[in-house]
Amino acid sequence: MIDLRSDTLTQPTKKMREAIYNASVGDDVYGEDPTINRLEELTAEITGKEDALFVTSGTQGNQLAVLAQTSPGDEIIVEAESHIFFYEGGATSALAGVQPRVVQGIKGEMNPNTVKSAIRSDDIHFPDTSLICLENTHNRSGGSIVSLENMSAIYDIASNAGIPVHIDGARLFNAVVASKRDVKDFTQYCDSVQICLSKGLGSPVGSLLAGKKEVIQKARKWRKRLGGGMRQAGFLAASGIISITEMVDRLAEDHEKALKLADAIEEMDKLTLVNRPDTNIVIVNTEKTLQTNEEFLSNLKKEGLLAVSFGEGQIRFTTHYDVSAEDIELAISAIHRVI
Ligand SMILES: *Cc1c(COP(=O)(O)O)cnc(C)c1O
């Protein structure tokens with residue numbers, strides 16, 4: 001079976017398994033896990049932030065960023081299709097008690113002027129705007145890269161208003177590699193950033209949150225409150241260190257595979273590409289096949305290929321470490337047979 005449902009499906013590499021087996025560990029709630037400490041230091045260094053925190057998942061990292069930088073009754077600005085707004089179970093309202101102010105973007109980019117006018121003025125009727133969230137790469141826009149120009153413009157507006165910016169960088173490294181930039185070129189435009197280790201970077205579990213010391217300190221307390229204070233979690237961090245030091249450059253291969261798949265799909269009469277992939281996600285409109293998503297996906301499965309529904313008439317394919325260039329050829333023939 002060729003599994004293009006998600007880049008979260010990657011299995012840890014042999015080297016990761018060995019590092020996990022051999023990891024030195026301690027009680028991380030006591031701050032005594034050397035491998036966690038090393039991963040957090042490395043992350044702070046790579047992102048150019050004062051401190052970092054290992055967290056259970058991308059969702060937890062994002063929510064801790066909100067919890068640490070807002071108060072109940074505040075408003076946060078989020079993009080309409082962002083993961084934080086779309087896929088986190090309403091957690092910003094349920095946990096932090098903030099209300100989202102939704103701005104529709106284009107390919108994940110919010111218009112800076114729209115963001116500026118969404119910031120609340122000082123008025124007794126209004127909530128306080130306390131955080132602006134960006135997402136890079138933008139998942140629902142097919143892994144599109146939010147440009148440095150867009151980030152810089154929004155960050156300037158936010159800084160002038162004294163409002164912090166958070167990046168949901170679940171796939172920030174995909175943006176970094178695809179645009180041949182440094183991580184800091186992106187993270188200079190934020191106060192906090194969340195990065196997933198268990199997507200294209202291949203680790204089994206975990207994400208990182210980086211930011212100012214005081215923000216990470218608050219996030220650490222919230223992580224404990226939420227039951228995310230793990231003990232000998234260095235076993236997970238050992239793999240995380242390999243992810244951020246050795247698995248980044250190879251993301252380019254995932255992007256090549258996505259382009260190859262997109263090129264082939266573009267040639268197929270009954271399918272329309274929703275996006276030309278910037279990175280590793282290909283979204284395809286299947287309406288002309290006259291198959292429902294359920295039928296299309298089950299027909300693909302019979303041909304040995306898995307993908308996911310991305311709204312009726314749309315299917316998402318995500319490339320990752322565990323699919324080879326050869327698998328992509330096989331996937332293309334499977335799609336041909338189904339249409
Ligand atoms: C996957 C993802 C997350 C969070 O992932 P978890 O499944 O909670 O680890 C956050 N943001 C984006 C954009 C994602 O794609």
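**Close-up views of a predicted model**

**View A. The lining of the largest pocket.** The residues that line the largest pocket divide into three nonpolar, six polar and four charged. The model is predicted. In total, 13 residues line this pocket. Nearest its centre lie Arg140, Ser141, Val274, Ile283 and Gln314. The pocket's volume is about 160 Å³. Both domains supply lining: at least three residues come from domain 1 (7–246), and at least three from domain 2 (250–338).

**View B. Two domains and their contact.** The chain is divided into domain 1, residues 7–246, and domain 2, residues 250–338. Taken over C-alpha atoms, the domain centres are separated by 28 Å. At the contact, 22 residues of domain 1 meet 17 residues of domain 2. The largest pocket also draws its lining from domain 1 and domain 2.

View C. Four strands form an open sheet in the order 9-10-13-12. Their pairing is antiparallel. Strand 9 (272–273) stands at one edge and strand 12 (308–309) at the other. Each has a single partner strand, so one side of each is left without a neighbour in the sheet.

**View D. The pairing of strands 12 and 13.** Strand 12 runs antiparallel to strand 13 (residues 314–318). Two bridges join the pair. Serine 309 has isoleucine 315 of strand 13 as its bridge partner. Gln314, in the residue range of strand 13, is among the pocket-lining residues that lie nearest the pocket centre.

**View E. A helix across the sheet.** Helix 12 (residues 251–266) lies across strand 9, strand 10 (281–285) and strand 13. The helix runs at about 15 degrees to strand 10. Ile283, within the range given for strand 10, is another of the lining residues nearest the centre of the largest pocket.

**View F. A cis peptide bond in a loop.** Asparagine 136 and threonine 137 are joined by a cis peptide bond. Omega is about 0 degrees. Threonine 137 sits in the loop between strand 5 (129–135) and helix 7 (148–161).

**View G. A positive phi at lysine 180.** Lysine 180 is not a glycine, yet its phi is positive, at about 50 degrees. This lysine is placed in the loop between helix 8 (172–178) and helix 9 (183–187).

Note on methods: Residues are numbered from 1 along each chain as its sequence is written. This is a predicted model: local features need pLDDT of at least 70, side-chain atom pairs count only at pLDDT 80 or more; totals for chains, interfaces and linings use all residues. Side-chain values use heavy atoms; hydrogens and water are left out. On a 1 Å grid over the protein atoms alone, a cavity is a set of points where a 1.4 Å probe fits but cannot get out, and a pocket is an open set with protein on both sides within 12 Å along at least five of seven lines; lining residues have an atom within 4 Å of a point. Grid points are joined across faces, edges and corners, and a volume is the space filled by probe spheres set on the points. Ala, Val, Leu, Ile, Met, Phe, Trp, Tyr, Cys and Pro count as nonpolar, Asp, Glu, Lys and Arg as charged, and the others, Gly among them, as polar. Domain bounds come from an automatic or database domain assignment. Two strands pair if DSSP finds at least two bridges between them. Contact means heavy atoms within 4.5 Å. Axes are lines fitted to C-alpha atoms, for helices over the stretch in contact, and angles run from 0 to 180 degrees between N-to-C directions.
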